[in-house]
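The sequence and the model come first, and the notes follow.

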Amino acid sequence: MATLRALVCDDYSMVRETIRPLLVEAGFEMVREATLATEAISLAEMTQPDVIVLDLSLPGMSGLQAIPILKLVSPRSVVVVFSAYDIWREACVDAGAAAYIDKGYLGALAVMLRQVATRVAASAPRPDR
C-alpha cells in the first residue's frame, strides 16, 4: 500500500501543529510543512502530496493565487482550503480547491482528511497476490 502524503501550508506554526495530528490520525504518514505559497508549490511539485491543506492569508502570494498553480504542478492533489475568510469560499472552489473549511471547524477538517485518505487508499493499485 502506498504511503499517504500531505502538505500543510500556513504561516502560523500553531495552526500547522494543530493540523499535523489530524493528518496522522487520518492515516497520512508523510507530512510536509510550508509557510509560504511559493514554498508549498515547490514541495507539491517534488512530493506530489495526496492532500494539500492551504491557508488563504499568506505573505507574498495568497493561497487563492496558489491553488491553480498547485493543481498544475500536482494535479492529483486534493486541495483543501482551511482559512478564516469565508467570503472567498466560491472563488477557492472555482480556482480548483476540492473544499473550503472555516478555521472555526476543526472537526470538519478532520472528517475531510479521513475522506481523502479513504478515497486515495481505495484507488491505490493493489499488489498481486
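Glu-33 and Arg-16 are joined through their side chains by a salt bridge, at 3.1 Å from N to O. Such a bridge is a side-chain nitrogen of Lys or Arg within 4 Å of a carboxyl oxygen of Asp or Glu. Because Glu-33 belongs to strand β2 (residues 30–34) and Arg-16 to helix α1, the pair ties together parts 17 residues apart in sequence. Helices (H or I, at least four residues) and strands (E, at least two) are DSSP runs, numbered from the N terminus.

Glu-33 is partly exposed, with a relative accessible area of 28%, whereas Arg-16 is buried at 11%. Buried means under 20% relative accessible area, exposed over 50%, and partly exposed in between, with a 1.4 Å probe and protein chains only.

## Basis of the values

This is a predicted model, in which local features need pLDDT of at least 70 and side-chain atom pairs count only at pLDDT 80 or more, while totals for chains, interfaces and linings use all residues. Residues are numbered from 1 along each chain as its sequence is written, and side-chain values use heavy atoms, with hydrogens and water left out.

## Other salt bridges

The structure holds seven salt bridges. One of them pairs Asp-50 with Arg-5 at 3.9 Å, N to O. Asp-50 is in the loop between α2 and β3 and Arg-5 in strand β1 (residues 5–9), so this pair ties together parts 45 residues apart in sequence. Asp-50 is buried, with a relative accessible area of 12%, and Arg-5 is partly exposed at 23%.

Asp-10 forms a salt bridge with Lys-103, with 2.8 Å between the closest N and O atoms. This pair links distant parts of the chain, 93 residues apart: Asp-10 is in the loop between β1 and α1 (13–26), and Lys-103 in the loop between β5 (99–102) and α5 (106–123). Asp-10 is buried, with a relative accessible area of 1%, while Lys-103 is partly exposed at 26%.

Gln-48 is found in the loop between α2 (37–47) and β3 (51–54). Its phi is near 50 degrees, a positive value in a residue other than glycine. Most residues other than glycine have a negative phi. Gln-48 is partly exposed, with a relative accessible area of 29%.
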